[in-house]
Amino acid sequence: MRNALVSTCMCVLALGCGGHGRAATPAAPSSPPQSASAEARPDETRAPATETGAWGDTVSAPETEARVAAMLGRMRDGALEAGDLRTAVAFGPGLWSTWQLAGLGSSEGIPVVGRVRVRDRVVMAHGRAVRFDALAPFMASNAVRAMARHFADGEIAPATPAERQLYYMGIAWPIAGEPVTVVRKEDETLVVVLDEDGALFQLEILSPWYQLATGGESAIETYQPANPFPAP
């Protein structure tokens, strides 16, 4: 089930494509933004925020959580194993925007751009999918290793419904019934999503989504590159 979902998500990505304060503690806002697909199609919206079916309740997955813990250690050491990666990893808009604003300056991979509806306006959310031969070197880069080093001693747990709701704001597919694993630190919450084979599918952080939903200054809204689709 999850592999089929991940395959569909990767097709969507191919077509279209540190926060401040821990986002796991506050409850998700009662009326969060609704987001469109990763292909940034206009006028496409999600189900009303009162419906929890799209993001669902907590799904316990002890084996996944143990694998995430081990993978973070390997990521920290720049020593990911062959089974840790498939052909692509998606870096969510919260994480990618924060990295870019901090000076990463990377144009690796392909843009994944989505329209996120926030009350009376639409915000363009810029993520990235790093693929193929570029993936292993990028996963061994200083940015990824520093992130893994920060979270390696964090609290690893299944995402709460509030965390799942924040994560859902930035994706283009329902996640009810699917494991979503988070790593909590005092200053941030990392989302690590694996496929059914235990390979890494997506990395994201939640505080930029919480800030966007509650009217704070968010890296997602601040990072707006002039040309997100540069010529190859």
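**Helix α2 and its packing against α5**

The crossing of α2 and α5 is left-handed (the near helix is turned anticlockwise from the far one by less than a right angle; clockwise would be right-handed). The model is predicted: local features need pLDDT of at least 70, side-chain atom pairs count only at pLDDT 80 or more, and totals for chains, interfaces and linings use all residues. Residues are numbered from 1 along each chain as its sequence is written, and side-chain values use heavy atoms, with hydrogens and water left out.

The protein chain holds eight helices and eight strands (DSSP runs numbered from the N terminus: H or I of at least four residues, E of at least two). Of its 232 residues, 53% are buried (under 20% relative accessible area, 1.4 Å probe, protein chains only).

Helix α2 covers residues 62–76. Its 15 residues should span 21 Å at 1.5 Å a residue, and its end C-alpha atoms are 21 Å apart, which agrees (expected span: 1.5 Å times one less than the number of residues). Among the buried residues of α2 are Val 68, Met 71, Leu 72 and Met 75. Just after α2, Gly 78 takes a positive phi of about 65°.

Helix α5 covers residues 142–151. The axes of α2 and α5 come within 7 Å and cross at roughly 135° (lines fitted to C-alpha atoms over the stretch in contact; angles run from 0 to 180 degrees between N-to-C directions). In α2, Leu 72, Met 75 and Arg 76 meet α5 residues including Val 144, Met 147, Ala 148 and Phe 151 (contact: heavy atoms within 4.5 Å).

Conventions: Buried < 20%, exposed > 50% of the residue type's maximum accessible area, 1.4 Å probe, protein only.
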